Structures are given as C-alpha cells and as structure tokens.
Amino acid sequence: MPMFDESDFGVEAPTNSAQLNAPQEKMSVGSHEHALPIPGEDEDGPIEVPATVSSISQAAKYMHNLSISPSQKDRRSSRNSFGVSLPIPRSKRQSRLSSVHHAEDGDSGRKTRPGMPPIQPSREILASQIQTIEAKKVAKAKNMAFSFDIDGVLVHGDLPIPQGKRALQILNGDNELGIKIPHIFLTNGSGKPEQARCAQLSKILQNPISTDQFIQSHTPMSALASYYDSVLVVGGVGYRCREVAEQYGFRDVIVPNDIVAWDPTIAPYREFTEYEKAMSRPRDFSKHNINAILVFSDSRDYATDIQIIMDLLLSENGRLKTKAKDPVSQRIPIYFSQGDLLCPTEHWQPRLSQGAFRVGLEAMYKALTGVDLERVVYGKPELATYKYADEVMASWMEQIHGEEKLPENIYMVGDNPASDIIGGNMYGWNTCLVRTGVFQGGENDENNPANFGVFPTVLEAVQAALRKELGDDFKMHFDETVNPVLHGSAADAAAII
Ligand SMILES: [Mg+2]
C-alpha cells in the first residue's frame, strides 16, 4: 500500500504562520549566517530565492527503527527484530571447504615458517616433551582461544599490520610450550570464496590460515541454501559472489548483471561492457520467480543494485515486470551478510560499508511504500554469528588437539566497538579493543567498552591474554635449545628418558 504525500516529492508547504507571513527577504535558506555572500548584492548579481523548506530533517521519518548502530547502553546488540531467526549450518564444515594454506609453500614444496628457523625434525619431539612436563600449563593453553577480527586488526586492505604477523607466530607455536593456541578468524569481510581469502591472508600475514578456522560475514548464510531455490546475490567484484553462493550449495544463483543483460533498460545509468555481457546468464526474468535477495558483499554499483532490489521487493513474489498489489505480503525476503556502517581500508579514514548501503535502501523503500523494510542482518554482533563461531572453534580444537571441546576463556580482538566488542561482551567473551582500525577514541569506547581492555595493537592484546591465562612469566618464544629434562621435575624427566 503505497503511501505518498507531497513531501515525498520535495514540495512541502510552510508550516507556521510566521513563515507564511514573513517577507521574502527575511526567510532564510537553512542557516543564513553561513550562506555564501552574494556577489554584487546591490548591483546586477544573482538573486537569492529562499526555498520554502521545513527546518525539520526529512531523513528521520525514513529511518528504519532498527538501523541505529547497536549499543550496550540500550541493551541492544542486534539490528534484527525480535522473532527473526537466522539459520546457521548445523555441524562441522563440509570437506569441500577444508584445506590449509601454508604461507610460503614455495616451488620447492618445502614448508617454512617465515621469520623462524627451518623446521627441524627434532622440534616437534622437543615440544611434545616439554608439553608432557608442563601438563597443567598445556591444559590452560587448550582452555583458551582467540577470535580475531581481520580488517583493522591484522590487515589494512591488502597491507599487513606488522604486529599481527608476530601475534599469529606466537599462537602457531612460537611460545615456550611450542603449542598451538586455538584461534579462529571472525570477520565481517566478504566477497570471495573462503579458500581464496585464506590463501590471500596466509600470504599477507605469512602464517598458515585454514578455511576451517575462518568465518566471514556470509559463511553462516550457507545454511539458507536449503530454504531457497532461486536467489539474487548482490555485491562483490565481478562474478565472485556467484561463485561463493554456488560453493555454499545454492542451486540457482542470479546476479544483477544477469538481469541487466536480459533488459538493459532496467538500469538506465549503467554502462554495460561486452565482457560483462559475455559473462552474464540472461534469461526471461518476467517468467521466473526469485525467492530471496542475499546481499553478500559491498555493492560496486549502488544505482543498479538498489534499482533491481527495489523492483524485486515491490514485485509480485519476486517476479520482475510485475507490481505487487500488496508489497508487504507479496515481498520476498532480503538478507544482508553484515551491518557495519564503516570499514577501515588503506584510505586514511574508514570507508562506507554494507550497513550504509542497507540504510540507504531502507530509507528509499520507506519513502516509496511508507513501511519499514523487514530484513535480516547477519555478521557480528549477531548472536547467530557467535554461535556459529563456537561450532567452528570446537571443530578446530579437534583438528589441532584431537579434542572436540569449546575452550572456556575466549578472547575477541577487534577494532569496531559496534560489532566486535558489543557482540563479544554480550556473548560472554573477553573483549580487547585495538587502536589500529575504526576505534580512534580515548581510554575505552563509551557505548561499548572492551571488558579486557584497549591495546595499541593486536600483539599487546594477545600477550596480555596469554599472561593472564598462563602466567606473567610465560615466554612468547620457543627455545630450540631448551633441554626438557632440566625444565621439569626429576620424576618427569625420568619418565621421558
Ligand atoms: Mg574490523
């Protein structure tokens, strides 16, 4: 039920009698004090004609009531309405996603650990001897885990944050026990298959990162494949998100370019290249129902993507070239992989992200229909994403330590108070806020303070957590020359020898 009024078209009548009666020259355009001086005001210059606008912002009435950033102050950590459910995959990852990428598996095929000596056959034996002696400490090391945000914590775009590399080396075994301390990566990043992203991160950070310890914003959305036959997947570079969705098991994946290739007039401002046309899969979308819209990643063309999404939302059950009689009951569902307004990049200030795209879309939808757009937002700080993190953490523990259990002391390291920190706090994790990304504030964030503290970089956060769990004297280096026999008690030494 479209509800238009005059103000939707930018024509708004003066609302009070003072405005109506005021002489023209007294009416101001916004704040007159800041108006530009008029060249030749008393001579032949331009004439300033005030607009008859209300002083009240028009944006407020188009804001979705859930689109303000989550904050602990109002005890809200979700952008979703009460009652919305977010499906996540039930069990361990499918084997098709599993593979470990080594940072420097060169042409020789020999595995190296950057910045560390080549692996000696004796090292693992040495580490296992130490671990046998230090059983209590080992138990503590296996009962803690880290969950790392990536952008603004470990990397800026394609550039590593140097302390991130060192922090991962410590957790990958360069510590006094020579033990792997469990850690997963929980990012609101998106747009590439998990395998490609892990390979890229392994290279940038020079540490092995497995798809089995990696969750990006759309990873849990693979569960939606069993709900919808035909989906529109929006965002990302080129056709990569189609590839992602197909890997997740979606049977019929349509991207906006398929629709533009079918009918270019749907996106009047779009210049469609021959290459794009050749890569697209057009069909007659007026004879095909799309069952859901999945925004996987940042839109590369807001105008085209918003137009096509809007056409579908206003259509009859997702069929283009139709118009729903009731746009609410006949509307297909729309999912967003995450809700961050900003994302840190190589640029000096964070850039607008998927949350900003969503807010714009919601406002346009409300302006056109008069109703809030019902939508589901995944990613941090959503509970579903953290629950999925537990699944991944437990199965990663099995891979590295043969024990499928969830460590009790989990540390979230992030740079965004409105996603990493609030989500971690609400989920009962220890939260560490770093200063290398979105957070630029003072002692701690005012709305969503990190409960374990604020640290200059990820390295200080990791070191502080390790000291808290394993003792102030815990060494962040594996000594290849250590003699385990002298390390523990005589009885332990005798047992090993
Ligand atoms: Mg971040």
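Trainee: How do the axes of helix α9 and helix α10 cross, and at roughly what angle?
Mentor: Keep in mind that this is a predicted model. Two packed helices are described by the angle between their axes and the distance between the axes. Here, α9 covers residues 302–313 and α10 covers residues 354–369, and their axes come within 11 Å. The crossing angle is roughly 45°.

Trainee: What does that angle make α9 relative to α10?
Mentor: The axes cross at roughly 45°. Angles from 65 to 115 degrees would count as roughly perpendicular, and those under 35 as roughly parallel. With the cut-offs set that way, α9 is therefore oblique to α10.

Trainee: Is the crossing of α9 and α10 left-handed or right-handed?
Mentor: Look at how α9 passes α10 in the model. The crossing is right-handed.

Trainee: Which residues in α10 do the α9 residues meet?
Mentor: Start on the α9 side, with Y302, I306, I309, M310 and L313. Residues three or four places apart in an α-helix point the same way, because there are 3.6 residues a turn. Across from that α9 set, the α10 residues are F357, L361, M364 and Y365.

Trainee: Let's move on to α13. Why do its buried residues sit on the same side?
Mentor: First, list the buried ones: V458, L459, A461, V462, A465, L466 and L470. They share a side of α13 because of the arc they cover around the axis, which is only 160°.

Trainee: What covers those buried residues of α13?
Mentor: Both helices and strands take part. The helices include α3 (135–142) and α4 (162–171). Among the strands are β2 (144–148), β15 (409–414), β16 (430–434) and β17 (453–455).

Trainee: Which residue follows α13, and what is its phi near?
Mentor: Helix α13 runs over residues 458–470, and G471 comes after α13. The phi of G471 is positive, near 105°.

Trainee: How far does α5 reach from its first C-alpha to its last?
Mentor: Helix α5 spans residues 194–205, which is 12 residues. At 1.5 Å a residue you'd expect 16 Å, and α5 comes close to that. Its reach is 16 Å.

Trainee: What arc do the buried residues of α5 cover?
Mentor: In α5, the buried residues are E194, R197, C198, L201, S202, I204 and L205. They lie on the same side of α5, because the arc around the axis is only 165°.

Trainee: Zooming out, what share of the protein chain is buried?
Mentor: The chain has 15 helices and 17 strands. Out of its 497 residues, the buried share is 40%.

Terms used:
Residues are numbered from 1 along each chain as its sequence is written. This is a predicted model: local features need pLDDT of at least 70, side-chain atom pairs count only at pLDDT 80 or more; totals for chains, interfaces and linings use all residues. Helices (H or I, at least four residues) and strands (E, at least two) are DSSP runs, numbered from the N terminus. The expected span of a helix is 1.5 Å times one less than its number of residues. A residue is buried if 20 or more other C-beta atoms lie within 10 Å of its own, exposed if 12 or fewer, and partly exposed in between; C-beta atoms are placed from the backbone. The arc is that of the directions from the helix axis to the C-beta atoms. Two residues are in contact if their C-beta atoms, placed from the backbone, lie within 7 Å. Axes are lines fitted to C-alpha atoms, for helices over the stretch in contact, and angles run from 0 to 180 degrees between N-to-C directions. Angles under 35 degrees count as roughly parallel, over 145 as roughly antiparallel, 65 to 115 as roughly perpendicular and the rest as oblique. A crossing is left-handed if the near helix is turned anticlockwise from the far one by less than a right angle, and right-handed if clockwise.
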